[in-house]
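I kept this notebook open while going through the model below. The entries follow the order in which I looked things up.

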Amino acid sequence: LPDEVIFRIFSFLLEKDLCRAAQVCKRFNVLSNDPVLWKYLYQEIFEYTIPMMNPEPNKFHQVSPENYDGANPWKDSFVQLYRGVHVRPDSMVTCRAVIFFKTHNCYYETIVDALSGVVEGDHNGIIFVHPGIYTDEWIFIDFPVTIIGTGERPDKISSKVVVENTCETTVVFTEGCGESYIGYMTVWFLPEDPNAPHHRYCLEIGSNCSPTIDHCMVRSTSTVGSAVSCAGEGANPTFTHVTISDCENVGLYIADLAEGLFEDCEIHNNALAGIWVKNYAKPIIRRCHIHDGRDVGVFTFDNGYGYFEKCDIHHNRIAGFEVKAGANPTVVRCSIHHGQTGGIYIHARGRGQFLENKIHSNQFAGLWVTSNSDPTIRCNEIYNGHQGGVYIFTNGKGLIEKNNIYGNALAGIQIRSNSSPIVRHNKIHDGQHGGIYVHEKGQGIIEENEIYSNTLAGVWVTTGSSPTLRRNRIHSGRQVGVYFYDNGNGILEENDIYNHMYSGVQIRTGSNPVIKMNKIWGGQNGGILVYNSGLGLIERNEIFDNAMAGVWIKTDSNPLMRGNKIHDGRDGGICIFNGGKGILEKNEIFRNAQAGVLVSTNSHPQLRKNRIYDGFAAGIEITNGATALLERNQVFNNKFGGSLATGVSCVMTENRVFGNRNAIEKAVKRGHCLYKISSYTSYPMHDFYRCYTCNTTDKNAICVNCVQKCHQGHVTEFTRHDRFFCDCGAGTLSNTCCLAGEPTHDTDTLYDSAPPIESSTVRHA
C-alpha cells in the first residue's frame, strides 16, 4: 500500500474510529473487516502497549497514556515513528508482523541490509530491531541513522536484542555519521581467540563523530582491547544508561582529544580499569556507577582530563580513582568508597581537582599523593578509612583545604619523605590515631585547621621534619597536642592549643622547633614539656590554666625561652629538674599555684630579666643539688617568699626581690598548721616530718607545728626540707589535727580549705 493509505488506516485506529479503519482496508482489499479482528488489534495497540515517543532526534522515551500531555499518545507516536524500517529474524516473524511489514515494504532480516535500505529509501533514518540474536553483524555507520531495539516489554528490550561479532568491531561510527543513535540493545564482541592482537571493539567512535548510545549493554571478551573506544579529535558521543560489564580488558577507553558526555551509566566487573582517560581527552562523566572492577575504577594518565560529577565508585580491587603522569581531572561530588586498596591515588606528577566528594571506608588511605604530584583537594569528607585519611609522600605536594577528615584508623593526614603540601581550613578529628603525622623530612604549611578529639597526638613532627603550623586550633586530644621528637623541627606559630589529656606541646630527643605566639592552656597535664635532650626556641607564648607546670624542662634539655607569659597555672610556672638546663629571658611568670620557677635535682638553667610575681607560693625555688644563674630578674609579691635557695650555690646578679610575703615563717611562729596557708593546692618549702606512732609513710608529710602539738610524745623523725602540704591538717591521718580548728588572724594568707584529692602529698622535684 502507499504510505499515505497505511497512515490513514492507523490514524483511524489511533483516533479509536474502528469503522472507518475497516472501511479503508475493505476498499483496498488488504485486511479483513471482521469486527473480532479489529477488536483484537485495538486491544494490542491501546491496552497492552506503552507508546514510545521520539520528540526530537536521538531522544526516545516511553510515556504513560494517563500522564501524557497531548490528546492521543499512540497517534503522536505513530506519526513520529511509522516510516522507520524493521529488522527481525525469519524464525521469529509472526503472521501479523509479515502482513504489516512486508506490505509496507520495510522488513529486513539483518541490520546491515536495513542500513542499505535506509540509504536507498525515504524511511526517516530509523531502524527498529526486534528481539533476536544478530550474529556477525558488522555495523559501519557513516551517515546519520537511528537504530533502536524494540519489543513488548520495555524493561527487557536491551537484553532481548543482541548484536554480536566474532571477527570485527561490532559497531563503528566514522566521520559522516553525524548525530546517529543506537539504543535499547546488547552489543557484544566475542572474538574466537580473545588473546589475539587486534584493534577491535564492541563500539568504536572515531574522529568528528557525535553519536548517542542509549540504554545499551556492552560486553567484550577480548583481553587485548577495550569494550568501547572513543578516540580522536572531534569524537564527542553521548552515552546514557549504558552498562559496560564483565569485559576482559578496559571497559571505556577515551583518548586523543576525544570528548563526550557519559551519564547514568553502570561500569562494573571489568578486568582492567572501568574507564581510561588519556592524551588530552576531556569527557564529561556524570552520575555513573563504577564498581566491583578487578583493577582500578577510573584511570586518568598521560595528560588525560575529564569532568566527573556525582559518580558512585566503590569496591574496586585497586584504587577507586587513579591519576598519573600529568593527568588533570576534575572530580566533583562523587562517592569513592570501599576500595580494596585506596580511594584516590595521585602519582607521577598527577594533578586534578577533587571537590566536595565523600571518600570513605577504603582499605588503605582515602587519598595518596606522591612523586611530585600536586592536586587540589577541597571540601571533601574523608572518613572511616581502614588506614589514614590523606597520605602525602615522596615529594608530594597539593592543596588540602576545607576538608572534613575523621574516624580514620591511622593519621588524618600523613606527610613524609620531603613532601610539602599546603594544609589549611580542614577539620581533622576523632581519629583512632593522631591528627597530622609529619615524618621523614616532611615539610608543608599547615594553617588555620581545627584538629581535635584524636586518640594520639594532634600533630606529630619527627625524624628531621620541619613543617610550619600556623593559626591552628588543636584541642581536646586524648594525648599530646603537638609532639616533636627524634629531631623533629619546624615552626609552631599563633596556634590555640588547649584541653589535652597530656601536655599541650612536647619536645624531646634532639628536636629543635620554634614555638612562638601560641596560646597553650587548659591541659590536664603541663603546658610545654621539654625532655630527653630536647631543644627549641619558645618565644612570646601565653601559657596558662594547665593542671601541672606551665613549662617542664628536664633530662638534659636546653631550650631558649623568651618573652612568654606563664600564668594562672594550677601548679608551678616553670619546673626544671633532673639535669634540665635552658635560658629563660624576659618572661612574665605570675599567679601560679606553686613556685613561679622551681629548679631541682642537678639542673642548671640561666634566668635573665624575668618578672616573677603574684604567685601563691615562692617566686623562685632552687633545691636538691641544683644551681642557677639569676641575673637582673624582678621577683615580687609572691606568697611564700621571693627566692628560696636551700643548700645550693647560685650566681645572683642585680636581681630585685621585693614585696614578697613570708607566710610560712609567719605560720610557724604563730603555731599554725601549714595546711591553713596552703590547702592542698600549693606546696610550701619547709621541714618535712613523719610519725612512726601514727604509722605514716614516706608519702605523708607533717609540718613542724603539728609534730610539736598534735604528735607530742609520738615517735617522729625529720625527713628532709621539701615542698609539701601537711597531711595532719588535711585530715588524711588517723588522729585529728589539734591546730586545724584554731582561728587565724593572718587573714591575708588564708586559703579556703578543700578535701585532698590524693594521699600522696610530697612533690619531689
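Is arginine 562 buried, partly exposed or exposed? I looked this up before anything else, bearing in mind that the model is predicted. Arginine 562 has a relative accessibility of 28%, so I noted it as partly exposed.

**Entry: the partner of arginine 562**

I then looked for a charged partner. Arginine 562 forms a salt bridge with glutamate 585, and the closest N and O atoms are 3.5 Å apart. I found arginine 562 in strand S57 (residues 560-562) and glutamate 585 in strand S60 (residues 583-585), so the bridge links distant parts of the chain, 23 residues apart.

**Entry: the chain overall**

Next I stepped back to the totals. The chain has 765 residues, and 55% of them are buried. I listed 11 helices and 72 strands. I also looked at contacts between residues at least 6 apart in sequence: 50% of these join residues at least 24 apart. The accessible surface comes to about 30800 Å², and carbon and sulfur atoms account for 48% of it.

**Entry: salt bridges**

How many salt bridges does a search of the whole structure find? My search returned 26. I picked out two more pairs to read closely.

Arginine 333 sits in the loop between strand S27 (330-332) and strand S28 (335-337), while glutamate 309 belongs to strand S24 (residues 307-309), so the bridge ties together parts 24 residues apart in sequence. I checked the cover on both ends. Glutamate 309 is buried, with a relative accessible area of 9%, whereas arginine 333 is partly exposed at 36%.

The second pair is arginine 471 with glutamate 448, where the closest N and O atoms are 2.9 Å apart. Here both residues lie in loops: arginine 471 between strand S45 (468-470) and strand S46 (473-475), glutamate 448 between strand S42 (445-447) and strand S43 (450-452). The pair therefore ties together parts that are 23 residues apart in sequence. Arginine 471 is partly exposed, with a relative accessible area of 35%, and glutamate 448 is also partly exposed, at 31%.

I went back to arginine 333 and glutamate 309 to see what else they join. They belong to a network of salt bridges that also links Glu263, Asp264, Arg286, Arg287 and Glu356.

**Entry: positive phi**

Lysine 310 lies in the loop between S24 and strand S25 (312-314), and it is partly exposed, with a relative accessible area of 47%. I noted this because most residues other than glycine have a negative phi.

Asparagine 532 is another such case, with a positive phi near 50 degrees. I placed asparagine 532 in the loop between strand S53 (528-531) and strand S54 (537-539). Its relative accessible area is 33%, so asparagine 532 counts as partly exposed.

**Entry: nonpolar cores**

The largest nonpolar core holds 123 residues, and the members that touch the most others are Ile127, Ile147, Phe173, Ile413, Val505 and Ile574. Strand S11 (residues 181-189) gives the most to this core, with 6 residues. Domain 2 (382-502) and domain 3 (511-661) each supply at least three residues to this core.

I opened up isoleucine 574 to see its surroundings. Setting aside neighbours within four places in sequence, isoleucine 574 contacts Val551, Ile553, Met561, Ile566, Leu584, Ile589, Gly596, Val597 and Leu598. Apart from this core lies another, of 29 residues, including Val704, Phe724, Leu733 and Leu739.

Methods
Residues are numbered from 1 along each chain as its sequence is written. This is a predicted model: local features need pLDDT of at least 70, side-chain atom pairs count only at pLDDT 80 or more; totals for chains, interfaces and linings use all residues. Side-chain values use heavy atoms; hydrogens and water are left out. A nonpolar core is a set of buried Ala, Val, Leu, Ile, Met, Phe, Trp, Tyr and Cys residues joined through side-chain atoms within 4.5 Å. Buried means under 20% relative accessible area, exposed over 50%, partly exposed in between (1.4 Å probe, protein chains only). Helices (H or I, at least four residues) and strands (E, at least two) are DSSP runs, numbered from the N terminus. Domain bounds come from an automatic or database domain assignment. Contact means heavy atoms within 4.5 Å. A salt bridge is a side-chain nitrogen of Lys or Arg within 4 Å of a carboxyl oxygen of Asp or Glu. Accessible areas come from the Shrake-Rupley method with a 1.4 Å probe; for residues, only the protein chains shown count as cover.
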